Amino acid sequence: MKLNSSSLYPLSTFVKHLSRLKYTMASSTSQNLTLTLPAGSPSELDFDDHLCSEKREQQEHQSSLADSPSRCLAGELRIERAWAHWKKLGEPKFIVAPMVDNSELPFRMLCRKYGAQAAYTPMLHSRIFSENEKYRSQEFTTCKMCVTRGSDCRRIAHYLPNSVLMIRTLYWKQLEEWNLIVTMSTLIWVCPQRIARRGNYGAFLMDNLPLVKSLVEKLALNLHVPVSCKIRVFPNLQDTINYARMLEDAGCSLLAVHGRTRDEKDGKKFRADWNAIKAVKNAVSIPVLANGDIRHMDDVQRCLEETGADGVLSAESLLENPALFAGFRTAEWALGGEEGNKDGELDQAILLVEYLKLCEKYPVPWRMIRSHVHKLLGEWFRIQPQVRDQLNSQSKLTFEFLYNIADQLRELGVRIPLYTKDAHEGRTSNGIAT
């Protein structure tokens with residue numbers, strides 16, 4: 001069954017079907033978050049049976065909470081449910097943030113290989129998603145191997161809706177049995193772009209908090225999985241704290257906080273406010289994720305320590321360095337600063353080839369591939385700009401052409417390594433430097 005813009009069902013019908021969703025999570029402006037399991041974790045299909053096997057009784061209690069609709073829970077039980085689901089997800093600390101056209105399946109799998117434990121899928125436009133089959137098949141993807149082996153499982157759907165349309169979209173997903181690959185329905189109010197203002201979504205819904213609260217309440221009351229939200233901060237700290245508490249009271253079970261306001265679009269110009277994230281973490285009782293200024297693993301460590309957050313999100317830095325969570329850093333953050341960094345015997349050209357091979361196996365739109373080539377090889381192109389010009393002049397891309405781009409740069413003597421810290425400095429079991 002397919003739904004389109006003319007398919008208008010009573011809300012009660014949507015609620016009836018939404019209440020059966022088993023694996024869908026919601027965020028603040030509608031984005032898709034793909035949560036992947038840490039290395040060595042059980043796969044998607046048998047994940048529940050392996051959780052806390054030594055404490056079976058506790059597991060069954062947490063599982064029953066995680067699968068209970070919020071309307072059946074209140075107060076402390078709802079908070080307990082949020083933490084039970086967080087544990088069920090594997091408590092990921094290193095997460096790929098949602099990015100428009102950039103956190104598609106091949107890129108998520110590449111980040112997963114290099115330490116990411118969870119990942120949002122690209123932002124999806126709910127109207128187009130509900131009406132256009134091609135858009136759905138290209139933008140919302142996983143693979144059988146990912147689901148059975150855990151390399152791209154537990155993704156959290158991220159949409160750009162306004163109330164009823166989101167409910168209809170989630171209802172369609174349930175009918176198509178997408179509940180097998182999505183773990184949370186996520187509402188995301190962070191997009192600060194002008195298109196978000198025109199469409200009345202993203203960070204601009206911060207001007208209509210009653211609507212935001214209503215969206216979270218409606219989903220939390222009728223879904224069998226927790227609702228997650230992702231927000232930006234207000235200029236006034238108390239407004240941000242009140243915002244976070246409102247979302248928690250409305251039924252949010254996992255809150256990701258980008259430590260910049262919606263007007264602070266330039267991540268290099270404006271530092272993320274980790275103190276605001278810390279204040280939110282101290283003000284609510286649900287798991288909180290920190291977003292902003294995560295450029296290498298030292299930032300990860302400092303952010304977790306300074307904010308008390310339960311995990312971190314990284315976006316722009318991962319586009320340039322998908323191996324960030326494996327302890328690699330770009331020359332910008334390795335040279336001219338602290339000592340103890342060495343050539344990690346990995347570079348962006350190697351990562352590009354790995355990414356292209358994944359794209360050949362799991363096709364995505366060429367615009368996404370082109371964007372990743374520019375992000376990965378940006379510094380290389382500055383040394384040999386004529387190679388970049390060749391890429392820009394190529395209206396129709398092929399994998400052969402792109403592989404040749406990487407080879408050509410090497411032949412021209414270009415190599416910018418990614419760096420790691422010397423082994424003697426030590427690392428903890430989760431990859432954070434000691």
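## Close-up views: figure legends

**View 1. His 372 touches Asn 102, Glu 104, Phe 107, Leu 319 and Tyr 355, leaving out residues up to four places away in sequence.** Contact here is heavy atoms within 4.5 Å. This is a predicted model: local features need pLDDT of at least 70, side-chain atom pairs count only at pLDDT 80 or more, and totals for chains, interfaces and linings use all residues. Residues are numbered from 1 along each chain as its sequence is written, and side-chain values use heavy atoms, without hydrogens or water. His 372 belongs to helix α17. Its relative accessibility is 0%, so His 372 counts as buried (under 20% relative accessible area; exposed is over 50%, partly exposed in between; 1.4 Å probe, protein chains only). Glu 320 lies 52 residues away in sequence, yet its C-alpha is 8.2 Å from that of His 372.

**View 2. Helices α16 and α17 pack at about 170 degrees.** Helix α16 spans residues 348–361 and helix α17 spans 366–376. Helices (H or I, at least four residues) and strands (E, at least two) are DSSP runs, numbered from the N terminus. The two axes are 10 Å apart. Axes are lines fitted to C-alpha atoms, for helices over the stretch in contact, with angles from 0 to 180 degrees between N-to-C directions. The angle makes α16 roughly antiparallel to α17 (over 145 degrees; under 35 is roughly parallel, 65 to 115 roughly perpendicular, the rest oblique). On the α16 side, the contact uses Gln 348, Leu 352, Tyr 355, Leu 356 and Cys 359. On the α17 side, Met 368, Ile 369, His 372, Val 373 and Leu 376 take part. Tyr 355 and His 372 touch.

**View 3. Helices α19 and α20 cross at roughly 175 degrees.** Helix α19 covers residues 385–393, and helix α20 covers 399–411. Their axes come within 10 Å. That makes α19 roughly antiparallel to α20. From α19, the contact takes Val 387, Gln 390 and Leu 391. From α20, it takes Phe 401, Leu 402, Ile 405, Gln 408 and Leu 409.

**View 4. Helices α12 and α13 come within 9 Å, axis to axis.** They cross at roughly 40 degrees. The angle makes α12 oblique to α13. Leu 237, Thr 240, Ile 241, Ala 244 and Arg 245 in α12 meet Ala 276, Ala 279, Val 280 and Ala 283 in α13.

**View 5. Thr 240 sits in helix α12, residues 237–250.** At 0% relative accessibility, Thr 240 is buried. Beyond residues up to four places away in sequence, Thr 240 touches Val 233, Phe 234 and Val 280. Phe 234 has a ring partner, Tyr 243. Both Phe 234 and Tyr 243 are buried.

**View 6. The structure holds three aromatic pairs, two of them described here.** Rings of Phe, Tyr and Trp (its six-membered ring) pair if their centres lie within 6.5 Å; planes under 30 degrees apart are stacked, over 60 edge-to-face, the rest tilted. The ring centres of Phe 94 and Phe 325 are 5.4 Å apart and their planes meet at 15 degrees, so this pair is stacked. It links distant parts of the chain, 231 residues apart. Phe 94 is in strand β3 (residues 94–96), while Phe 325 is in the loop between α15 (316–320) and β12 (341–347). Phe 94 and Phe 325 are both buried. The pair of Phe 234 and Tyr 243 is edge-to-face, 5.3 Å centre to centre, with 65 degrees between the planes.

**View 7. Helix α14 (residues 297–307) under its cover.** Its buried residues are Met 297, Asp 298, Asp 299, Val 300, Cys 303, Leu 304 and Thr 307. Their cover includes β3, α13 (274–283), β10 (288–291), β11 (311–314) and β13 (417–421). Just after α14, Gly 308 adopts a positive phi of about 75 degrees.

**View 8. Asp 347 lies in strand β12.** Its relative accessible area is 1%, so Asp 347 is buried. Neighbours within four places aside, its contacts are Trp 380, Arg 410, Arg 415, Ile 416, Pro 417 and Leu 418. Arg 329 is 18 residues away along the chain, with 9.8 Å between its C-alpha and that of Asp 347.

**View 9. The whole protein has 20 helices and 13 strands.** Buried residues account for 59% of its 434 residues. Of contacts between residues at least 6 apart in sequence, 75% join residues at least 24 apart.
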